[in-house]
Amino acid sequence: MASLPRSTLQKLALAKVKDARLLFDHGRYANSYYLYGYGIELALKACIARHIVAETIPDRAILNNVLTHDIAKLRALAGLSELLRERRADREFDLRWAVVAEWLVESRYELVDSVTAAAMQDAVEHPQHGVLKWLRQHW
């Protein structure tokens, strides 16, 4: 991954979600599912970038792990674990986080049905309990 400013990561995350919605609306469920997850990955990386201080070399764990596609690892690197525990008291959000947390980069090689894609769309974009809305508060 090239050097990306936080603002670029934010724009990329929003663009991937917008593209995912377009694909979903046209019945391209597998690619929609993948792009929704990729959008969340980029949003988490924007959250991580928020914690990187200019002219300071980040901790080795951050440098080694920020290129991962693992949602759980990125959540931890972003410093969101405790906030997520608090937020998960909201059952509606908790159900949606569980859907997003199951995403794997390998899903790009899978066929995903409309039900699974719809669950991901709702998990990411729900206006009150959506994961992207929550992440945007922390990026």
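**Entry 1: Q10**

I started with Q10, which sits in helix α1. I'm working from a predicted model, by the way. Is Q10 buried or exposed? Its relative accessible area is 17%, and buried means under 20%, so Q10 counts as buried.

Next I looked up what Q10 touches. Skipping residues up to four places away in sequence, I got A46 and W139. W139 is 129 residues away from Q10 along the chain, yet their C-alpha atoms are separated by 7.7 Å.

**Entry 2: the nonpolar core**

I moved on to the largest nonpolar core, which has 40 residues. Which of them touch the most other members? I noted I40, V124 and L135. The elements giving two or more residues to this core are α1 (6–25), α2 (29–50), α4 (71–77), α6 (91–101), α7 (114–125) and α8 (131–136). With 13 residues, α2 gives the most. A reminder to myself: in soluble globular proteins, nonpolar side chains tend to be buried together.

Leaving out neighbours within four places in sequence, I40 is in contact with I71, V100, V124, V131, L132 and L135.

**Entry 3: helix α2**

How many of the residues of α2 are buried? I found 18 of 22, so this helix is mostly covered. From first C-alpha to last, α2 reaches 32 Å, close to the 32 Å expected at 1.5 Å a residue.

**Entry 4: helix α6**

I listed the buried residues of α6: F93, D94, R96, W97 and V100. Looking down the helix axis, I see they fall within an arc of 165°, so they line one face of α6. Another reminder: an α-helix has 3.6 residues a turn, so residues three or four places apart point the same way.

What do these buried residues of α6 pack against? My list is α2, α4, α5 (81–87), α7 and α8.

I also checked the N-terminal end of α6, and D90 caps it. A side-chain oxygen of D90 lies 3.0 Å from the backbone nitrogen of E92.

**Entry 5: H126**

Last stop was H126, in the loop between α7 and α8. Its relative accessibility is 16%, so I put H126 down as buried.

What does the side chain of H126 reach at 3.0 Å? I found the backbone nitrogen of H129. There's also a polar contact of 3.5 Å between the side chains of H126 and R96, and R96 was one of the buried residues I'd noted in α6.

Note on methods
Residues are numbered from 1 along each chain as its sequence is written. This is a predicted model: local features need pLDDT of at least 70, side-chain atom pairs count only at pLDDT 80 or more; totals for chains, interfaces and linings use all residues. Side-chain values use heavy atoms; hydrogens and water are left out. A nonpolar core is a set of buried Ala, Val, Leu, Ile, Met, Phe, Trp, Tyr and Cys residues joined through side-chain atoms within 4.5 Å. Buried means under 20% relative accessible area, exposed over 50%, partly exposed in between (1.4 Å probe, protein chains only). Helices (H or I, at least four residues) and strands (E, at least two) are DSSP runs, numbered from the N terminus. Contact means heavy atoms within 4.5 Å. The arc is that of the directions from the helix axis to the C-beta atoms. A polar contact is a pair of N or O atoms within 3.5 Å; within protein, one must be able to donate a hydrogen and the other to accept it, and residues adjacent in sequence count only if both atoms are side-chain atoms. The expected span of a helix is 1.5 Å times one less than its number of residues.
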